[in-house]
Amino acid sequence: METLDKQSALRLLTLFSGAVKGTAFYPDSHPAIRQPLLELDKILASALARNPSLSWGIIDGALFFEDHLFIAPSTAIVDLINRMMEKDIGRIIYSAGLTFDELQHLVRLFSVKTASFDKLLSLLQEEGVTHIRLLRNGEESFEEHSTDDIEAEVEGDYLATYGRALDAVRGVCRDIERGRIPNSAPVIKVVDRMVSITMQEHSALLGLSMIKDYDNYTYNHCINVGVLAMALGAALGLDALEVKDLGIAGQLHDIGKTMISKEILNKPGKLSSTEFDEMKRHAELGSKIIRDMDGLNPQIAQFVLGHHLHFNRSGYPDWARKLPFNQMIDIIAIADTYDAITSLRVYQYPFNPRAALNEMQKLAGTYLDGSLLVNFIDMMGKYPVGTLVRLDTNEVAVVYRPNPLDAETPMVKVLIEADGTRLSIPRKQPLVGQDGSRYADIVAIVDPALKNIDVGKFVAIGNY
Ligand SMILES: [Fe+2]
Ligand SMILES: [Fe+2]
């Protein structure tokens, strides 16, 4: 999932430059200004729907837009570079929520050749522009970003990583459908990135595991299982290579389903015993495919083979029950069960995160490894990421990060105010201030379905 392809980035910059030039000659309402602005607004809005922020700027005299560098620029881009240099602008950052009016203000300010950087800043502020930020040339130091900006950028990066993981698993499944041995490189690359994040802070990516997609369940489920298994592995103190194997095994654990008929996979009711036998083949089929893939630890194929064997080894494939398997299959089984029961399916209303953990406790010692489950529950915390809670202020908020120091005060974003107003931009609200002052206590868990809230959307993206 790329933020913006190079073609669209170029189109966007050209439109911007065109609108700026036009503003010198025509009033705002003239089609020569309005048309490019409308198109510009549309492209930006759709890219910002996938990313909390986007930016273009100048680096060593060349213009860059996100990952794209325009080394042999068009006239439109040269004009844009000149205007940015004149105004001493190093970078322009757009954040989600950007309005058409804000964009129009920026274009108008750009068309005034003499406006200095400070003047621009104060004019933007006067006009109430809050979703566009200008950085002075050379003002790229990390310290100057506010904590919120850093968090938003980091979470934007996490989201992009999630998108790349989805693309990688989709690619694997496409290769299987075409009868090819899947390319493992994209999966390895994205898991490497996830491992380095997880080894630093094992709960960092947990919010991503709340992204659910009813229509593409298998892909999201695979990524989520990978994220959860890696987090549990890291929390257990496994080393980076073991966590990486868990990530890859998680992301590939159900790829064998690509070879099972869609009627069986999507059947709303109970499967017949023949259908269930067919479904059970996915573990073995997946493991065979993985064995043929390049550059993967052969153990990964074993983890996938054993992911439905259960802790008491009463599961399937029957013939594999007596084989020696290590704890890794039980870690994946916990991640698999948690993601499965917190997702909406044709045959199942999802459990909220806390209820899911309670439900899983019933399986301790039989299907799931009880001691690993204790570790998992500890890691998820009293209010796991994605839990919707009511505060004693009567506000409704969603938990987006655990607080390892105090289970009672996880990090939350307020979604609904005390009077029932839904916030268009949820507010990050520390439950306890830095000086120790209390904002609110959590008094209840709220069912997201009753409030019609897609929790994953708010948990994963920093700015929302
Ligand atoms: Fe499975
Ligand atoms: Fe699964």
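Contact here means heavy atoms within 4.5 Å. The model is predicted, so local features need pLDDT of at least 70, side-chain atom pairs count only at pLDDT 80 or more, and totals for chains, interfaces and linings use all residues. Residues are numbered from 1 along each chain as its sequence is written, chains are lettered from A and ligands numbered from 1 in written order, and side-chain values use heavy atoms, with hydrogens and water left out.

The domain assignment (automatic or from a database) divides the protein chain into domain 1 (6-144), domain 2 (148-380) and domain 3 (388-460). Between domain 1 and domain 3, the C-alpha centres are 35 Å apart.

Helix 12 covers residues 298-305; helices are DSSP runs (H or I, at least four residues) numbered from the N terminus. Its buried residues (under 20% relative accessible area, 1.4 Å probe, protein chains only) are Ile 300, Ala 301, Phe 303, Val 304 and Leu 305. They pack against helix 9, helix 11 (273-292) and helix 13 (328-341).

Donors are N, O and S atoms within 2.8 Å of the metal (3.2 Å for Na, K and Ca); water is not among the atoms, so sites may look incomplete. His 221 lies in helix 8 (residues 217-235) and His 253 in the loop between helix 9 (240-252) and helix 10 (262-265), 32 residues apart. Both histidines, His 221 and His 253, are buried. Asp 254 also coordinates the iron ion (ligand 1), 3.5 Å from the iron ion (ligand 2).

Key
Helix = DSSP H or I, 4+ residues; strand = E, 2+ residues; numbered from the N terminus. Buried < 20%, exposed > 50% of the residue type's maximum accessible area, 1.4 Å probe, protein only.
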